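Hi,

Here is the structure I promised to pass on. Have a look, and then read my notes on a few of its helices below.

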Amino acid sequence: NGKMPLVISTWDAGINANKGAWEVLRNGGRALDAVEKGVMVTESELSCCVGLGANPDRDGHVTLDASIMDEHGNAGSVAFIERIKHPISVARRIMEKTPHVMLVGTGAQQFAVSEGFPLEEDKLSPDAQKAYEEWLKKSDYKPQINIENTKGSGSFAPNKLANGAWNHDTIGMLAIDAKGNLSGSCTTSGMGFKMRGRVGDSPIIGAGLYVDNEVGAAVSTGLGEEVIKTCGTHLVVELMRQGNTPENACKLAIERIIKRNGDKAKDFQVAFIAINNKGEYGAYCIQKGFNFAVCYADSGSQLIDGKHIL
Ligand code: SD4
């Protein structure tokens, strides 16, 4: 049984982000405004893992990716952008003000500045500075992402930041508004201590985010390389089109990633969350530890553990 309006988002940071989105939805606002406002909350949290407070790349610079889609199938995205606090709003501006879908790097930054976005200092947050100094001690380049278990995630990325926050690098959000229109957003610092210039799934339409108002919407988190190689969220939406529930569509897409990777799938995490045009929602992930925040009433968000396969 569907809920409308409804907003869901990835990880525990989704609880706060959903509050921002719910303010829009409860007043009859548009899903697109809700998913932008919602993840802006997370981008603003300095001690968080998304936005300018996040872990830098291995050269010590924070580089951000984001994407957004509306109910008409319009899309905007930005990748490898630096010193801009709200990449999600730059993505929206690209969607609405240019004939393009995606801008990257210094070109994206130039566009943002020309649109009035302030250019922030190139300076790490205290938590990120600490985490980076820790990483530099070994400088072991072994990309790993989001293994949220007690074993920790190896030397590449600390399981938790010094302040105790989880080391998630992304928030993905999906909403359906009172009119039944869908939108989605995704914003990330990518992978902590990544190679300079590395871009993940989050700004790639059909990989990190996909919205089709006739069917549903999906967003991903986890090891972006694996999501890109399966066109993950486009796959989830197409599986819903074929009649699968959001949860089952996410499960089938996760199974495909596991099948292709065999034993290696134990070493990384991917999670999808999805909603359909009836306001039903669901999620699935490779392994234990992923959760998502759901809000459809003034009572607030609840955090739900994603079902996992391994
Ligand atoms: C990426 N999918 O850049 C992102 C990372 C992520 O929680 O989701 N981290 O690959």
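Before the rest, two notes on the source. Residues are numbered from 1 along each chain as its sequence is written. The model is predicted, so local features need pLDDT of at least 70 and side-chain atom pairs count only at pLDDT 80 or more, while totals for chains, interfaces and linings use all residues.

Helices are DSSP runs (H or I, at least four residues) and strands likewise (E, at least two), numbered from the N terminus. The axes of H1 (residues 14-26) and H2 (residues 31-44) come within 7 Å and cross at roughly 150°; axes are lines fitted to C-alpha atoms over the stretch in contact, with angles from 0 to 180 degrees between N-to-C directions. That makes H1 roughly antiparallel to H2 (angles over 145 degrees).

H2 is largely enclosed by the rest of the structure, because 12 of its 14 residues are buried (20 or more other C-beta atoms within 10 Å of a residue's own, with C-beta atoms placed from the backbone). Among the buried residues are Leu32, Glu36 and Met40. Their cover includes H1, helix H3 (87-97) and strands E1 (6-10), E2 (64-69), E5 (170-176) and E6 (182-188).

Further along, H7 (residues 232-241) passes H8 (residues 246-261) in a right-handed crossing too.

Best wishes

Notes:
Angles under 35 degrees count as roughly parallel, over 145 as roughly antiparallel, 65 to 115 as roughly perpendicular and the rest as oblique. Two residues are in contact if their C-beta atoms, placed from the backbone, lie within 7 Å. A crossing is left-handed if the near helix is turned anticlockwise from the far one by less than a right angle, and right-handed if clockwise.
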